[in-house]
Amino acid sequence: MKTKITELFGIEYPIIQGAMAWIADGGLAAAVSEAGGLGIIAGGAAPVEHIRAEIHRARAATSKPIGMNIMLLSPNADELAQLAIEEHIEVLTTGAGNPGKYMEAWKAAGIRVAPVVASVALAKRMERAGADAVIAEGMESGGHIGETTTMALLPQVVDGVSIPVIGAGGCADGRGMAAMLMLGAEGVQCGTIFLSAAECPISDKYRELVLKATDISTVVTGRPSGHPVRALKTPLQRKCLQLEKNPTQQSLEELEAATAGALRKAVQDGNYEEGTFMSGQVAGMVNTPSNCYDIIRKITGEAEQLLKGAAARFQ
Ligand code: TUI
């Protein structure tokens with residue numbers, strides 16, 4: 001399945017695994033890359049030496065390209081930016097900010113850079129700064145999100161830049177992939193579907209909640225603090241929504257305290273009461289345990305069939 005993105009990243013299928021903080025480790029990234037997509041190691045949630053070890057772990061498991069993500073709100077973003085250069089990471093993605101100040105050093109090191117954007121304006125700025133591609137992420141996504149849906153954002157970003165665009169948010173099967181390709185994407189980024197993969201290191205409770213989720217299982221909290229986050233509707237998210245109805249300085253501080261470390265509690269401990277189980281809106285379509293190889297084959301196979309048959313459907 002050749003597109004500008006498979007060419008640019010040196011991969012077989014234009015599927016990028018979303019960087020999920022505390023989740024996307026070297027094992028998951030290697031499994032995705034080995035299956036022909038692009039695996040991404042999430043940087044930021046852990047000390048730099050831990051991320052370095054995860055990169056080494058992925059390198060030992062696959063000789064295919066490996067990506068890394070830098071969450072720009074992370075206090076060690078500067079160190080991670082340097083780590084990517086030292087470890088000869090093939091592809092860097094960024095989230096939750098503008099990576100402009102790092103771009104020159106990354107390009108000089110020969111790294112392919114694809115920042116996540118939630119607006120056309122940032123996409124254009126990233127193109128001018130030298131980005132090789134952008135990832136247009138709609139608010140269907142799990143985790144930290146912007147305000148625009150994939151359906152509306154993706155074609156506008158495609159129209160706004162000349163570099164290849166990867167669609168993100170709302171893709172868990174071949175229909176989503178075909179739709180994004182029709183909107184002008186050269187590839188897709190998927191996160192939530194990989195929560196169903198055997199190689200994904202999440203607690204049993206996390207996997208169970210995603211597999212059981214429906215179309216209306218996610219909520220967005222954190223809007224008053226300026227960092228909206230989509231996650232499964234669990235006791236902590238309900239408490240956040242309640243407190244956000246009448247936000248005061250005190251309640252926002254209370255929220256901040258309840259939220260700190262809540263993702264780790266979900267991922268590692270499966271703590272239903274105190275965890276934040278980040279997930280995209282497609283959780284309702286993620287119903288069966290699988291593995292990275294089968295997920296990538298299924299999505300790309302279905303998309304190819306749909307696109308091949310499209311003309312015949314409307315005669
Ligand atoms: O970054 C993500 N998703 C994330 S990061 C994360 S960890 C976290 N936990 C708690 C609070 C905040 C973060 C969990 N999920 N996706 C990429 C993404 N980037 N989504 C939205 C954006 C974005 C938004 C605004 C990027 C740039 C931006 O504006 C930057 C500017 O300077 O204009």
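Ala96 counts as partly exposed, at 27% relative accessibility; that label covers values between buried (under 20% relative accessible area) and exposed (over 50%), using a 1.4 Å probe and protein chains only. This is a predicted model, in which local features need pLDDT of at least 70, side-chain atom pairs count only at pLDDT 80 or more, and totals for chains, interfaces and linings use all residues. Residues are numbered from 1 along each chain as its sequence is written, and side-chain values use heavy atoms, with hydrogens and water left out.

**Positive phi angles**

- Ala96 is not a glycine, yet its phi is positive, near 65°.
- You can find Ala96 in the loop between β4 (91-95) and α5 (100-108); helices (H or I, at least four residues) and strands (E, at least two) are DSSP runs, numbered from the N terminus.
- Trp22, also not a glycine, has a positive phi of about 70°.
- The loop between β1 (15-17) and α2 (26-34) holds Trp22, which is partly exposed with a relative accessible area of 36%.

**Asp173 and its surroundings**

- Asp173 sits in the loop between β8 (165-168) and α8 (174-182), and this residue is buried, with a relative accessible area of 7%.
- A polar atom of the Asp173 side chain lies 3.1 Å from the backbone nitrogen of Gly176.
- Leaving aside residues up to four places away in sequence, Asp173 touches Met285, Lys298, Ile299 and Glu302, where contact means heavy atoms within 4.5 Å.

Conventions: Polar contact = N/O pair within 3.5 Å; in protein donor to acceptor, adjacent residues only side chain to side chain.
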